[in-house]
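Colleague: I am new to this structure. Please show it to me, and then let me ask how you know what you say.

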Amino acid sequence: MSEDLADFAVQYASKLGCSYAEARLEKTDSTAFVLKNGILEASGFEEESGLGMRFIIKNTLGFVDTNLLDKNKIKFLINKSVRLTSTSSKITENTLLAEARAGKKSYFVKEKIKLCDVSPEEKISLLKEIEENLLVTKIKLPSRYLSLGDWKIKKYYINSEGTKIKSEIPRVNLFYLLTVANGQKTAQRMWQYGSVGGWEVTKKWKLPYLLKQEIVDLEKNLKFGKKPPKGIIDLVVSPQIAGIIAHESCGHPFEADRILGREAAQAGESYLTTDMMGKKVAQTCVTLVDDPTVSGAYGFYLYDDEGVKARRKFLVKNGIITELLHNRQTAKVLGAISNGSARASEFDKEAIIRMSNTFFLPGDYSEEELIRDVKLGVYMKSFMEWNIDDRRFNNRYVGSEAYLIKNGKIAYPVINPAIEITTPALYAAIDAAAKNFELHSATCGKGEPMQGIPVTHGGPSLRLRKIRLSK
Amino acid sequence: MEQFVDLLHHIKNNLLKEKASDVVVSGVISDSSQIKFANNKIVKTGTESLINVGIFFVRDKKIVLTNFKELAGFSGDTPLDIAALNVIKKQTNNLTKKLVKFSKNLEPKKDYYGIAKGPFTYKKIPETFDNKIANLSEEKKVDFVISGINAALTEGAKRTNGIFQTAYNKNFLVTSHNVESQSKGTSAYFSIRALLDKESSGHNTSSERTLKNLDIENTAKFAGRIAKLSKNPVKAEEGIFDVVFAPMAIAVLLNRVGEATSIFDVEAGISFFANKLKSKVANSSVNLIDDATLAGGFGSITPDAEGVPTQRNVLIKKGILQTYLHNTSTAKKYKTKTTASAGLISPGPYNIILEKGNISKDNLFAFVKRGVYITNVWYTRFQNYAVGDFSTIPRDGMFLIENGKIKKPIKNLRVKENMLHLLQNISAVANDTKQITSWEVSIPVITPHVLVKNVLLTKPVA
């Protein structure tokens, strides 16, 4: 990687009068394979290098990106961008950054089996093995879509304050969408598994077995599922649903740039306001964190894309709103220090506040104990449809594999139980967390242009009391 | 640019020497700028310059996609000297070796049937390139943003957020089957969300290929008006309603409808149009077109990704599904003709057009005794793509309609529907029309206001 180009970019911007400058040079090597209905649709590999830089001139933030790694081109672009940004200072918001400790650090995620050493055939054989395991069940599967990708990002970050961070992070991801049929009825399962690391992570997932089990259970749901109960019930949700709740109704609204209105045009704002810090919104059993440093997790990193050291953030601690997700700019505005939440999905995107690995902390009960204490309720194991409004207030989660709980026992499958509920009511209803724990990977979207970033969400199974299911 | 095209041919020829049956080499040179504003201030500018060369390689029905990256030499206006060009060409040899090695033990795609055979001639699509956009000054860009912000504020908004973006692209294509094309295009996109307070807002966009068609002031005024009109929304009761969808709202749903006509989506189980060719999938008032040759169309381009001149495709005629979208290979598989919709892997639409109806927007409202007006939706998610069950959340101004008039702003509802049910319940289409692209409208949609009967709107239980 031509690190000197990044160094040059920062020096040049500073020479032009920028009060701050940073550059992020990235090289990404990737492969991808798609298996559709048993046929290898396409395979590919790619190498991409590029430079993304931010600078502040006349208190206005500018961003430049290019994959043309040539000094003259970079100079030309910086000049062009400085002109645009200086002109924009007419109505600048006055971008200021909180102090951050400068440092020099290198880190990399180890690959026990290097991705570049694994042949395309071996990668495809994983997809083939999954396909064979699905078909051997003889369950009617009108469509099967499997997509496997891996990429390794080498990053070099430098800023005008003396910070230099080098990192190498490999990732693997397998996405699938399966359609299960029973007579005229169908149900779908859409999910993904992802981790940082080498090819060895795919063995840990045990996907051929896991996906086979998923469609067996989904078919049972389809065949034998009955209507969900009406009226007030209790709900036990698995880590998959706990995770999406954590992500959508806590992680996102706690992004400080939303609270300050910077993302209102598309990603939206937040129901949370700064005067709600310290407010109790849930029972003591509810603690929610965002933690980039979880080893092996899909959203892993040790230094964010502003060069700030990452750490665990307690968003909600024992039911109390405790901390927001900050970058240096929001930290400055709100009188805090950055907690290392700035991420960019690729070199050609600016770093904005993102989640990493967002999850409820486990509690003291087994999942069985949560269920045992339910007279009438639903156990939601997986979901397909979900959404939330752009202030993160009005949630909807629809169960895919789900069961009736009667007198403390799982009774029979139920079809698509749905909860449509406000965030305050949702959190107030959580009365217990189990001690199991899972993290599930996802691709989170935010920003304009859109950035899809690898994250995880999860936690333990949770119990919610006195919920009315929705249509 | 001759050198760049020469390089694309060189890559193609290298691969043909390795017994490739089909090669497509595409090049895109793009320059773009962005100004992002929030809370009435400019919060960031963006300046971007990229060159991408994509390669589609097939040998013995084994398909590989990759890119060539040693392109920095083409970034300036000065042509490369012969020595520098030869260095780059030598680097393509390394790529060729890598491609051949990668493809060696892949499984052939047994239902692959090749790419289009040229040569073709291409008609220029009007109003897709504007020198004024390509050379728009920094001052003018900032002035556009300021004028948009002020227009929304004068209509009653308190805060504005959005972006102003311009782009200039040069596109190149060469294939192993006698195709060569070059084209250029520009675009300008203005998006503004105007807020009165946290619960009252309006959103609008102007997406155009030429500066003369870009209308920032009226776009912003509309957003500001909706924000003001939506002040103090009240919680609404759920139920089944007749709903007037504004263009921004229906565009999100029509985007998915257009995508669902791709044969790739049908095969992958993510289309509610599977097994429905020549069936009635929508109300008779619905005529849906995909037209990549539309003058000024935000997605207009020719040729498609394998060099076939793009065309106008009637997707739905009087409610009946006419065609899926195909490339050459999928068309041969299904014994039909290409719709010039490549996507070499996944064919797709370019500009999705809901043909306008005969009635004015006001008369459309007049049909509604008691209903809801939805100006925007967000976060559309499916329970089952193959069946079409989904929900989406109204965002920005939403209003109760009584006796054809907007009665009051409301909040707290969610659309819970089925795509086919929705299409079949389109009872009237207005004669206004707007081109929309947005976060959730990645394929441009041109649509009027639409009235849909019997839409289920739900609310949170607590």
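Modeller: One term comes first: buried means under 20% relative accessible area, exposed means over 50%, and partly exposed lies in between, with a 1.4 Å probe and protein chains only. At 1% relative accessibility, A:Arg258 therefore counts as buried. This is a predicted model, where local features need pLDDT of at least 70, side-chain atom pairs count only at pLDDT 80 or more, and totals for chains, interfaces and linings use all residues. Residues are numbered from 1 along each chain as its sequence is written, chains are lettered from A and ligands numbered from 1 in the order in which they are written, and side-chain values use heavy atoms, leaving out hydrogens and water.

Colleague: What makes A:Arg258 and A:Glu255 a salt bridge?

Modeller: A salt bridge is a side-chain nitrogen of Lys or Arg within 4 Å of a carboxyl oxygen of Asp or Glu. The closest N and O atoms of A:Arg258 and A:Glu255 are 2.7 Å apart. So the pair meets the cut-off of 4 Å.

Colleague: Why do A:Asp234 and A:Arg465 get their accessibility labels?

Modeller: A:Asp234 has a relative accessible area of 12%, so the label is buried. A:Arg465 is at 22%, so the label is partly exposed.

Colleague: What makes B:Lys411 and B:Glu199 a pair?

Modeller: They form a salt bridge, with the closest N and O atoms 2.8 Å apart. B:Lys411 is in strand S17 (residues 405–411) of chain B, and B:Glu199 is in the loop between S5 and strand S6 (200–208) of chain B, 212 residues apart. B:Lys411 is partly exposed at 22%. B:Glu199 is partly exposed at 38%. Elsewhere, salt bridges that share partners join A:Lys36, A:Glu41, B:Lys109, B:Asp111, B:Glu267 and B:Lys333 into one network.

Colleague: How do you know that the span of helix H1 of chain B agrees with its number of residues?

Modeller: The expected span is 1.5 Å times one less than the number of residues. Helix H1 (residues 2–17) of chain B has 16 residues, so the helix should span 22 Å, and its end C-alpha atoms are 22 Å apart. After H1(B) comes B:Lys19, with a positive phi near 65°.

Colleague: Which strands of the open sheet in chain B are called edge strands, and why?

Modeller: The sheet has six strands in the order S11-S10-S9-S12-S21-S20, with mixed pairing. Strand S11 (320–321) and strand S20 (434–438) of chain B are the edges: each pairs on one side only. Two strands pair if DSSP finds at least two bridges between them. Two bridges join strand S10 (residues 312–317) of chain B to S11(B), so this pair qualifies. The two run antiparallel.

How values were computed. Helices (H or I, at least four residues) and strands (E, at least two) are DSSP runs, numbered from the N terminus.
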